[in-house]
Amino acid sequence: MSVRLSTALAAGAVALPEGRVLLMRPPADLDLDGLGPDRLHAVHGFRPAHDALTARGLSVAPRLEVEVEGAVVFVSRSKAQTRDMIAQACAAVPAGGPVVVDGAKADGVESILRDCRRAFTVGEVFAKAHGKCFAFPAQPAPGDWHDLPRHVAGFVTRAGVFSADGVDPGSALLARHLRDLDGTVCDLGAGWGYLARAVLASDRVTAVALVEAERDALDCARENIADARAAYHWADATIWRGGPFDTVISNPPFHTSRKADPELGRAFVRAAADLTAPRGRFVLVANRHLPYEATLAEVFAQVVVLADEAGYKVIDARRPKRRRT
Ligand SMILES: C[S@@+](CC[C@H](N)C(=O)[O-])C[C@H]1O[C@@H](n2cnc3c(N)ncnc32)[C@H](O)[C@@H]1O
C-alpha cells in the first residue's frame with residue numbers, strides 16, 4: 001500500500017482543498033485513507049493501473065476531463081513526463097490552489113524537488129518510505145516543462161513511453177526477421193508502432209492489431225501508422241482477447257514499475273499462445289538473459305532460436321498448446 005500521501009495529509013505537512021482533486025498517474029495501491037475518494041479524479045494512461053483504480057471505485061480517465069481545485073502528481077520514472085504532468089496540474093488548478101508532488105527517491109523525486117524549488121514556492125517537505133511529498137501554490141509552470149512530441153527516425157514519440165529517444169536495438173533485430181509476413185498479425189505491447197510499421201511494409205499482410213497498455217504510446221502509434229489495415233487496442237495484453245492471428249509478434253516488457261519482472265514477459269508468452277492460430281507462429285525478441293524458454297516450451301510444441309546476437313535472441317514458436325476456453 002502506498003501510504004506517503006495519506007501520512008503526509010494526516011501529519012498536516014500537505015493539504016488538499018474541499019473540492020475536486022486530480023490525481024495524476026497514482027499507484028494502483030494508493031492508500032485512500034483521508035483523501036475522500038468521492039472527490040478524486042484520477043488520470044492514468046497505463047491500462048492495468050487504470051482498471052485496478054476503477055475497480056477500487058475511483059473515477060479514472062486516460063486524459064484530464066474535469067475541472068479541479070487541487071492536484072497530486074505522482075512522480076514517474078521519466079523526469080520529462082513528471083515535469084509535463086506538473087505543468088498540466090498547474091494549468092488545471094486555479095492560481096494559488098495546491099499542487100502536491102509525491103514520489104520515491106528511486107524514481108527521482110529529489111531532482112524534481114530541486115526543479116520545483118527553482119520554479120515554485122515549495123512548502124514543507126515530508127519524507128517517508130524512501131520518498132518525499134511536498135506542495136506549492138499553482139502558478140504557470142516554465143514553458144519547457146510541457147512535453148512536446150519528439151521526432152525520432154521518422155516516428156513520433158512522447159516522454160515516458162518505451163524507447164522514446166530512438167529505436168530499440170532488440171526491436172530493430174526482430175524487424176529484420178519479420179519481412180514478408182502475410183495474413184493477420186498481432187503486435188503485443190506495440191509501443192509507438194515501430195514493429196507494426198515494419199510488418200505493414202508487406203502487401204500480403206491483411207490486418208495488424210496493435211495491443212498496447214500505455215495510452216500515450218498507442219496515440220503515437222496512431223500517428224506513426226497511416227494504414228487502414230491497422231487496428232489499435234488500448235488494453236492489457238496479458239488478458240486481451242482477439243484473433244486468432246497467423247502471426248503474433250512481441251518485444252515483451254520486462255519491467256513492472258522499477259523492478260525487473262520476467263513474470264510479465266512470461267504472461268505475454270502465454271497470452272501469445274492463446275492468440276496464435278493452430279498453424280500460426282509467435283516471433284519474439286528478448287534480452288538474452290531473460291528466462292522465457294521454459295514458458296515457451298510449456299505453451300508451444302515447437303520453439304526455434306532464429307538469431308542470437310548483440311545480447312538479444314529472436315525466437316520463433318509454433319504449434320500453440322494452450323487453447324482459449
Ligand atoms: C519492450 S517495449 C516494446 C515496444 C514496441 N513494440 C517496440 O518494439 O518498440 C514493451 C511495450 O509493452 C507495453 N506494455 C507493458 N505492459 C503491458 C501490458 N500489460 N499490456 C500491453 N502492453 C504493455 C509497454 O508500454 C511497452 O510499450
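The structure is a predicted model, in which local features need pLDDT of at least 70, side-chain atom pairs count only at pLDDT 80 or more, and totals for chains, interfaces and linings use all residues. Residues are numbered from 1 along each chain as its sequence is written.

**View 1. Helix α4 and its buried face.** Helix α4 comprises residues 109-119, and its buried residues are V109, I112 and C116. Seen down the axis of α4, these buried residues fall within an arc of 60°, so they line one face of the helix. The arc is that of the directions from the helix axis to the C-beta atoms. R114 and R118 are exposed residues on the face of α4 turned away from the buried side. A residue is buried if 20 or more other C-beta atoms lie within 10 Å of its own, exposed if 12 or fewer, and partly exposed in between, with C-beta atoms placed from the backbone. Helices (H or I, at least four residues) and strands (E, at least two) are DSSP runs, numbered from the N terminus.

**View 2. D102 in strand β5.** D102 is located in strand β5. The residue is buried, because 25 other C-beta atoms lie within 10 Å. Leaving aside neighbours within four places in sequence, D102 is in contact with R4, L5, V72, F74, V75 and C133; contact requires that the C-beta atoms of two residues, placed from the backbone, lie within 7 Å. D102 and H44 are 58 residues apart along the chain, and their C-alpha atoms are separated by 15 Å.

View 3. The chain is divided into domain 1 (4-145) and domain 2 (150-320), with bounds that come from an automatic or database domain assignment. The centres of domain 1 and domain 2, taken over C-alpha atoms, are separated by 32 Å. Contacts join 13 residues of domain 1 to 10 residues of domain 2. On the side of domain 1 that touches domain 2, α2 (47-55) and α3 (79-92) each supply at least two residues. The element that gives the most to this side is α3, with three residues. The residues of this side of domain 1 divide into five nonpolar, four polar and four charged. Here Ala, Val, Leu, Ile, Met, Phe, Trp, Tyr, Cys and Pro count as nonpolar, Asp, Glu, Lys and Arg as charged, and the others, Gly among them, as polar.

**View 4. P62 and its contacts.** P62 occupies the loop between β3 (59-61) and β4 (70-74). With 17 other C-beta atoms within 10 Å, P62 is partly exposed. Neighbours within four places in sequence aside, P62 is in contact with H44, G45, H50 and R215. The C-alpha atoms of P62 and P149 are separated by 17 Å, the two residues being 87 residues apart along the chain.

**View 5. The shell around the ligand.** Of the 20 residues around the ligand, those that come nearest are S171, G189, G191, A213 and A237. A residue counts as near a molecule or strand if its C-beta atom, placed from the backbone, lies within 6 Å of it. To this shell, α6 (194-199) and β11 (205-212) each supply at least two residues. The shell divides into 10 nonpolar, six polar and four charged residues.

View 6. The 14 residues of helix α8 (residues 262-275) should span 20 Å at 1.5 Å a residue, and the end C-alpha atoms are 20 Å apart, which agrees. The expected span is 1.5 Å times one less than the number of residues. The buried residues of α8 are G265, R266, F268, V269, A271, A272, A273, D274 and L275. Their packing partners are β10 (183-188), β13 (245-250), β16 (276-287), α9 (293-299), β17 (300-309) and β18 (312-320).

View 7. Most residues other than glycine have a negative phi, and most peptide bonds are trans. The peptide bond from G243 to P244 is cis, with omega near 10°, and P244 lies in the loop between β12 (230-234) and β13. A129, in the loop between β6 (126-128) and β7, has a positive phi near 50°. A129 is exposed, with 12 other C-beta atoms within 10 Å. A310, in the loop between β17 and β18, has a positive phi of about 50° although it is not a glycine. A310 is exposed, with 10 other C-beta atoms within 10 Å.
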